[in-house]
Amino acid sequence: MDQLSDLHEAILTGDASAASEAAGTALAAGVTPVDIISKGISPAMAEVGRLFEEGEYFVPELLISARATKAVFAILRPLLVETGAKPAGRVLLATVEGDLHDIGKNLVGAMLEGAGFEVVDLGVDIPAPRFVSAVRESRPQIVGLSALLTTTMPAMKGTLEALDAAGLRSAVKVMVGGAPVTQRYADSIGADGYGETASGAVELARRLIATQSLEASRG
Ligand code: B12
């Protein structure tokens, strides 16, 4: 999409004001907030990740690119939530304990909001007991866990166990994601679903809500 090439460039160079301006221009040209996220921000951040892996980018570049995406989110968020329609469901979303990566999680949250879900974002480095208390408070249908480090993936299992021990496991569907996470890992820890991308997360959330309604109607 041509209107998004300036946004792509601005995120890659970490220019927050150029990114905001490019997002504004794209919106004025009729590009939807959801397309700005899925076709603009998401591939740009994937590219930033690739450049980092290849040793072309270092931590400062990553951080300024992340800051540029946050500036765009600040513009998009009110547009994503202003539909006023009945929410498609409530999702409690967070990065697990020990892990500070939030770019992917934020993209997932923004895409879910764009698809009409209500998102309760707990943030990063969230220990299992916080998930338990937040599930009690917010009563979500879905809990979404993000992990970007192989060392923090076990915290996903720990969170599932804590929900189970608190008697809450059957009250929620749990979906997991993040670069090192796989369907196989999700299955091995007993998660209800795995999403590889932010748009995949939306499909998955819809499917999990449908399964949950079906289970509820069967008693
Ligand atoms: C950006 C980044 C950082 C930034 C994070 C900034 C931020 N605010 O998030 C900073 C510089 C802070 C950082 C720090 C560290 N990082 Co880092 N980081 C990355 C990097 C380059 C990109 C991650 C990213 O944002 N990708 C873009 C997003 C869009 O993709 P994503 O997160 O995968 O999310 C998508 C999907 O996975 C999915 N998804 C994500 N979450 C969820 C959740 C659900 C429910 C669902 C359904 C889907 C889903 O949807 C998203 C959108 O499509 C990766 C390398 C890489 N290519 O992944 C390394 C990487 C993850 N980091 C790594 C490391 C080692 C670290 C540090 C330990 C470095 C250090 N020595 O200090 C610290 C750890 C800090 C901590 N405790 O967490 C390693 C992990 C290695 C491993 N095997 O565990 C990687 C792989 C780099 C590498 N090759 O060495 N990092």
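Student: As I have it, a crossing is left-handed if the near helix is turned anticlockwise from the far one by less than a right angle, and right-handed if clockwise. Which is the crossing of α3 and α5, left-handed or right-handed?

Tutor: The crossing of α3 and α5 is left-handed. One thing to keep in mind as we go: this is a predicted model.

Student: Noted! At what angle do α3 and α5 pack?

Tutor: The angle is about 165 degrees, and the axes of α3 and α5 are 10 Å apart. Angles over 145 degrees count as roughly antiparallel, so that is the label for α3 and α5. To find them, look at residues 33–53 for α3 and residues 103–114 for α5.

Student: What about α5 and α9, how do they cross?

Tutor: Their axes come within 8 Å, with a crossing of roughly 50 degrees. This crossing is right-handed.

Student: Let's switch to charges. How many salt bridges are there?

Tutor: The count comes to 11. One of them joins the side chains of aspartate 102 and lysine 70, at 3.5 Å from N to O. Those partners sit in distant parts of the chain, 32 residues apart: lysine 70 is in helix α4 (residues 59–81), and aspartate 102 is in the loop between β1 (90–96) and α5.

Student: Is lysine 70 buried, exposed or partly exposed?

Tutor: Lysine 70 counts as partly exposed, because its relative accessibility is 43% and that class runs between 20% and 50%.

Student: Which residue pairs with arginine 169?

Tutor: Aspartate 192 does, in a salt bridge of 2.9 Å from N to O. Both residues are in loops, and the pair links distant parts of the chain, 23 residues apart. Arginine 169 is between α7 (154–165) and β4 (173–177), while aspartate 192 is between α8 and β5 (193–194).

Student: How accessible are those two partners?

Tutor: Arginine 169 counts as buried at 15% relative accessibility, whereas aspartate 192 is partly exposed at 31%.

Student: What does lysine 173 pair with?

Tutor: Lysine 173 forms a salt bridge with glutamate 215, and the closest N and O atoms are 3.0 Å apart. Lysine 173 is in strand β4 and glutamate 215 is in helix α9 (residues 198–218), so the bridge ties together parts 42 residues apart in sequence. Here lysine 173 is buried, with a relative accessible area of 11%, and glutamate 215 is partly exposed at 39%. There is also a network: Glu47, Arg50 and Glu54 are joined by salt bridges that share partners.

Student: Now the greasy side of things. Which residues form a nonpolar patch on the surface?

Tutor: Phe52, Val59 and Leu63 form one, and together they have about 270 Å² of accessible area. Phenylalanine 52 belongs to helix α3 and is partly exposed, with a relative accessible area of 34%.

Student: Backbone question: which phi does aspartate 125 have?

Tutor: A positive one, about 55 degrees, although aspartate 125 is not a glycine. You will find aspartate 125 in strand β2 (residues 118–126), and at 36% relative accessibility it counts as partly exposed. Arginine 139 also has a positive phi, about 50 degrees, without being a glycine. Arginine 139 is in the loop between α6 (128–138) and β3 (142–146).

Student: Where is leucine 122, and is it buried or exposed?

Tutor: Leucine 122 lies in strand β2 and is buried, with a relative accessible area of 18%.

Student: Last one: how far apart are arginine 184 and valine 132?

Tutor: Their C-alpha atoms are separated by 25 Å, and the two residues are 52 apart along the chain. Arginine 184 is in helix α8 (residues 183–189) and counts as exposed at 72% relative accessibility.

Technical notes. Residues are numbered from 1 along each chain as its sequence is written. This is a predicted model: local features need pLDDT of at least 70, side-chain atom pairs count only at pLDDT 80 or more; totals for chains, interfaces and linings use all residues. Side-chain values use heavy atoms; hydrogens and water are left out. Patches are made of residues with over 30% relative accessible area and no salt bridge: like charges are joined within 9 Å, nonpolar side chains (Val, Leu, Ile, Met, Phe, Trp, Tyr) within 5 Å. Accessible areas come from the Shrake-Rupley method with a 1.4 Å probe; for residues, only the protein chains shown count as cover. A salt bridge is a side-chain nitrogen of Lys or Arg within 4 Å of a carboxyl oxygen of Asp or Glu. Helices (H or I, at least four residues) and strands (E, at least two) are DSSP runs, numbered from the N terminus. Buried means under 20% relative accessible area, exposed over 50%, partly exposed in between (1.4 Å probe, protein chains only). Axes are lines fitted to C-alpha atoms, for helices over the stretch in contact, and angles run from 0 to 180 degrees between N-to-C directions. Angles under 35 degrees count as roughly parallel, over 145 as roughly antiparallel, 65 to 115 as roughly perpendicular and the rest as oblique.
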